[in-house]
Amino acid sequence: MKTKILTFLLLIVLSISKNYAQDRTTVTATSSDISDNLDLKAVASIFGDSRDLNDFERRLNDPKIQISNLDLNEDNQVDYLRVIETIERNTHLIVIQSVLGRDTFQDVATIEVQRDRHNNVQVQVVGDVYMYGSNYIYEPVYVTTPVIYNSFWTGNYHPYYSSWNWGYYPSYYYAWSPFPIFRYRNHIGICINNYNYYNYVSYRRCQVAYNLYRGRRCNGYENRYLDRSFGFRNSGYSNSYDLNQHRILNTVASRNEVAVNSSRNFNSNLPRINNTTSVNASRSYVHNISNSRAFSNPRNSNQQNNIIVTQTPRNSNATPRSFSNQAYQSPRNLSIQEHNTRNFESIRNPKVRTFSNNRSVNSVRNENSSRGNRRI
């Protein structure tokens with residue numbers, strides 16, 4: 001007998017929990033990706049603010065700024081990013097590499113700078129295909145001409161090559177632990193210069209830089225973990241931009257679903273209102289209001305239908321009134337004696353109707369008595 005009772009109670013609990021779960025809408029967060037740990041817009045921003053490539057590398061690894069959140073070798077320390085440059089005529093190819101070991105490096109992104117014959121400079125920040133997918137490119141448009149351009153096209157300029165390596169870092173640098181992704185996203189927005197523009201494109205403009213990069217790509221991490229490429233991590237998406245757009249659509253769709261479900265639940269709890277009846281549950285009345293009448297309490301008003309719902313006391317005998325543009329005589333305008341007389345008569349004889357000020361109570365009595373005599 002006890003077993004049957006316990007089984008019955010368990011079935012009741014399961015049914016209640018199932019109904020409760022159906023009334024709720026759960027929004028699950030999309031999992032993070034390796035590409036989320038280094039924002040290329042932030043890279044483009046500090047590139048425009050740097051004096052030269054040495055200053056650019058310092059900004060990339062500055063512990064006070066913390067532009068990067070990459071920890072590819074999973075040692076709970078953010079990887080050091082070194083900068084290497086290759087030049088051919090008016091084209092500069094700048095490679096950002098993550099230092100993972102004594103002789104292990106992984107290209108993270110490249111910055112391709114080209115000047116045409118009209119001295120117009122074009123910059124593209126390209127994410128590595130292993131990290132960000134194919135053709136993940138941002139074109140920064142700087143409001144002011146970066147100072148770093150002045151050092152590129154000089155007669156005695158030499159390509160920059162970082163002198164730092166595994167275990168041998170500059171004095172300003174010290175390793176820090178990576179942030180959770182949500183915290184890094186909130187942090188990196190402060191580091192981006194919002195006066196500039198960062199346009200996303202899916203094609204390379206500089207063929208010379210593309211040819212320079214062939215055969216020079218360093219992929220030590222990729223060779224070790226072939227199954228961690230962007231294609232394996234996110235099948236069905238071309239690059240990180242496509243993945244982020246899908247995340248945004250899912251987030252908006254989930255929020256809309258929550259809003260629709262919550263509005264349905266809210267509307268289902270409201271009593272229905274007919275054209276001529278009032279809300280019985282809240283004992284309120286619906287008054288049709290003209291546009292010329294003003295109200296001091298807009299909280300209970302519905303501006304679309306020009307309807308206002310006013311709360312009345314439980315013991316009130318008031319009835320709905322249809323207001324028009326004509327003047328309405330409020331009982332407040334009556335004198336105290338007339339007001340008391342009308343209230344007394346309405347209590348003693350509820351069938352007696354009240355009238356305006358120009359008709360006295362005695363005239364009402366006489367009229368009622370004469371109507372009774374006529375019926376007799």
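**Rings in close view**

Mentor: Start with a charge over a ring: Arg228 sits over the face of Tyr225, 3.9 Å from the ring centre. Keep in mind that this is a predicted model. Arg82 also lies over a ring face, that of Phe105, at 3.8 Å from the ring centre.

The structure holds 16 aromatic pairs. Take Tyr136 and Tyr200. Their ring centres are 6.1 Å apart and their planes stand at 45 degrees, so this pair is tilted. Tilted pairs fall between stacked, under 30 degrees, and edge-to-face, over 60. The two residues come from distant parts of the chain, 64 residues apart. Tyr136 is in the loop between helix H4 (129-132) and strand S5 (137-141), while Tyr200 belongs to strand S6 (residues 197-201).

Are these two buried or exposed? Tyr136 has a relative accessible area of 6%, so Tyr136 is buried. The cut-off for buried is under 20%. Tyr200 is at 24%, so Tyr200 counts as partly exposed.

Widen the view. Ring pairs join Tyr136 and Tyr200 with Tyr132, Tyr138 and Tyr241 in a cluster.

Last, look at the core. The largest nonpolar core has 43 residues. Helix H2 (residues 40-49) gives the largest share of this core, six residues. Phe47, Phe56 and Phe152 are among the residues with the most contacts inside the core. Beyond its neighbours within four places in sequence, Phe152 is in contact with residues including Phe47, Leu53, His92 and Tyr157. In soluble globular proteins, nonpolar side chains tend to be buried together.

Methods
Residues are numbered from 1 along each chain as its sequence is written. This is a predicted model: local features need pLDDT of at least 70, side-chain atom pairs count only at pLDDT 80 or more; totals for chains, interfaces and linings use all residues. Side-chain values use heavy atoms; hydrogens and water are left out. A nonpolar core is a set of buried Ala, Val, Leu, Ile, Met, Phe, Trp, Tyr and Cys residues joined through side-chain atoms within 4.5 Å. Buried means under 20% relative accessible area, exposed over 50%, partly exposed in between (1.4 Å probe, protein chains only). Helices (H or I, at least four residues) and strands (E, at least two) are DSSP runs, numbered from the N terminus. Contact means heavy atoms within 4.5 Å. Rings of Phe, Tyr and Trp (its six-membered ring) pair if their centres lie within 6.5 Å; planes under 30 degrees apart count as stacked, over 60 as edge-to-face and the rest as tilted. A charge sits over a ring if NZ of Lys or CZ of Arg is within 6 Å of the ring centre and within 35 degrees of the ring normal.
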